[in-house]
Every structure is written in C-alpha cells, then in structure tokens.
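Biologist: I am new to this structure. Please take one part and walk me through it closely, starting with any term I will need.

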Amino acid sequence: MRLHVADHPLVDHKLTVLRDKNTPSATFRLLVDELVTLLAYEATRHVRTVPHQIETPVTTTTGAKIADPAPIVIPILRAGLGMLDGMTRLLPSAEVGFLGLQRDETTYEAVTYANRLPDDLTDRQVFLLDPMLATGGTLVAAIDYVFERGAREVTCVCLLAAPEGLKVVEEAMGGRVDVEIVVAAVDERLNEKRYIVPGLGDAGDRLYGVV
Ligand SMILES: O=P(O)(O)OC[C@H]1O[C@H](OP(=O)(O)OP(=O)(O)O)[C@H](O)[C@@H]1O
Ligand SMILES: O=c1cc[nH]c(=O)[nH]1
Ligand SMILES: [Mg+2]
C-alpha cells in the first residue's frame, strides 16, 4: 500500500476551518469540495493515459488522453458523497458508482446497505472517496469489494486518517502495490468510541445533519 499525505499550507488552512465545531454545514460542504479538488490533483497522478494525436493551429503533435476504460469514481455513502463533485471536476470523463456502507457504532463493523456498481470492474482504475479512515473497516470492505470484481488498482481519497486504521488497511492489503491512500492529514489516534482525534466529528452528520 502506498500512502501520500498532502503537505500544503492551503490544505492545512482549510482543514483547520473544517475541524472547527462552529463551522456550519454550508461552509463545511464547501470546504470538503475545495479540499478534494486539491487532493484529486495528487490522487490522479497515476491515471492511465494513451498517446493522442492532435493538430494545433501550427503543427501536428502527440499529447495524451485518459485511457479506456474510463476510471470509475465511487463515493462511499453518505459522507463520501460530499467529495464527489470535487473529484469529478478534475476527472469529468470518469464513470460514477455508489457504495453505501455504515459503521455499526457498537461493534464498529462496516455494514453494506447499498451497491450501484457494475458487476464487472475488470481492468478498471477505481477512486474510492471517503472523508474518514478511522478503524479502517469501511475502507477494507470497499477495497475488497472492488478487487473481487476485477479492479486493476484502487486509489482511496480521504480527508483524515487514524494511524490505527492505516495499519489495518496496510495489513489487510498484504503488501499490494496497487492500493494507494491519498489523505489530507494523519491524525493522532482513535478515542474510546473509535472517533478520530483531534478529527472533525462525524463527517456525515456535519455534511448532512444527524439522522
Ligand atoms: O474506518 P471506520 O471505523 O470504518 O469508519 C469510517 C466510516 O465512518 C463514517 O461513515 P458512517 O458509518 O458514519 O456513515 P455516514 O457516512 O452515513 O455517516 C465515515 O464516512 C467512514 O465511512
Ligand atoms: O471520527 C470519525 C470516525 C468515523 N466516522 C466519522 O465520521 N468520524
Ligand atoms: Mg456518519
């Protein structure tokens, strides 16, 4: 597993406002969108391209275009949905699938409640979106799911990760090099309720309200 931690003053600034418990939902949504756009630049560094010939007004030249089959972007509902627009803004030709996973707050196991994805992901480059990597259970379930369906490589875009969760994903992936995690920051630890500390609270609730 490869790990890329963003190291940029704009990311730090936006993350600080995002963490603030007094930041209202509307601002929170806007900041998530902006942060994802910054992370998407790094996350797409290895997007597959093929040579593509064009004519400029001056000459013929060979550039690059995103290879087929198009990458597939999968937000993990609910909170991952807040990251979708920021990602597809940089990758407009991507297809979009949806996975609904909810962490049981007593066992901390991830439960799948929705799946709107192609059965066959053979050779697809997958981008999984989820702001929080806490125990890692949700992300491991999602990564396993797309690899079982044939995905070629998986890039996970997260805002915050806990060291404990990163270790769980690393161990579950058993040294695979076709998994990358791009994250805005790695926080200190998990608390007794398996929330990320200092964290930002429940990302889904802060985006969409408590349900
Ligand atoms: O690493 P884990 O311990 O598995 O926890 C992380 C998961 O918890 C949150 O989702 P949640 O279950 O709260 O669902 P929601 O997005 O609908 O709020 C978050 O968005 C991740 O999907
Ligand atoms: O800190 C956390 C942990 C899990 N899910 C969240 O939304 N936040
Ligand atoms: Mg939640």
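Modeller: A residue counts as buried if 20 or more other C-beta atoms lie within 10 Å of its own. Keep that cut-off in mind. Note too that this is a predicted model.

Take the loop between β9 and α4, where G136 is found. G136 has 22 C-beta neighbours inside 10 Å, so it counts as buried. Leaving out residues up to four places away in sequence, G136 touches G165, L166, V168 and V169.

The unreviewed UniProt entry gives it the feature "binding site".

Now step back to P131, in the loop between β8 and β9. P131 is buried because it has 27 C-beta neighbours inside 10 Å. Its contacts, not counting residues up to four places away in sequence, are V32, A79, G80, G82, M83, C158, L159, L160 and A203.

Some of these names return around ligand 2. The residues there are A79, M132, A134, Y195, I196, G199, D202, A203 and G204. Six of the shell residues are nonpolar, two are polar and one is charged.

Next comes the core. The largest nonpolar core has 49 residues, and L128, V157 and C158 touch the most other members. Elements giving two or more residues to this core are α2, β4, β6, β8, β9, α4, β10 and β11. α2 gives the most, with eight residues. In soluble globular proteins, nonpolar side chains tend to be buried together.

So what does α2 look like? It covers residues 25-43, 19 residues in total. From first C-alpha to last it reaches 26 Å, close to the 27 Å expected at 1.5 Å a residue. Its buried residues are F28, L31, V32, L35, V36, L39, A40 and A43. An α-helix has 3.6 residues a turn, so residues three or four places apart point the same way. The cover over the buried residues of α2 includes α1, α3, β8, β10, β11 and α6.

V157 ties in here. Not counting residues up to four places away in sequence, V157 touches V36, L39, A40, A43, M83, M87, F127, L129 and V182.

The unreviewed UniProt entry annotates residues 5-209 as "domain: Phosphoribosyltransferase". That span is 32% helix and 31% strand, and its end C-alpha atoms lie 28 Å apart.

Notes: Residues are numbered from 1 along each chain as its sequence is written. Chains are lettered from A and ligands numbered from 1 in the order in which they are written. This is a predicted model: local features need pLDDT of at least 70, side-chain atom pairs count only at pLDDT 80 or more; totals for chains, interfaces and linings use all residues. A residue is near a molecule or strand if its C-beta atom, placed from the backbone, lies within 6 Å of it. Ala, Val, Leu, Ile, Met, Phe, Trp, Tyr, Cys and Pro count as nonpolar, Asp, Glu, Lys and Arg as charged, and the others, Gly among them, as polar. Helices (H or I, at least four residues) and strands (E, at least two) are DSSP runs, numbered from the N terminus. The expected span of a helix is 1.5 Å times one less than its number of residues. A residue is buried if 20 or more other C-beta atoms lie within 10 Å of its own, exposed if 12 or fewer, and partly exposed in between; C-beta atoms are placed from the backbone. Two residues are in contact if their C-beta atoms, placed from the backbone, lie within 7 Å. A nonpolar core is a set of buried Ala, Val, Leu, Ile, Met, Phe, Trp, Tyr and Cys residues joined through C-beta atoms within 7 Å. UniProt positions are given in the numbering used here, feature names are shortened, and annotations may be inferred rather than shown by experiment.
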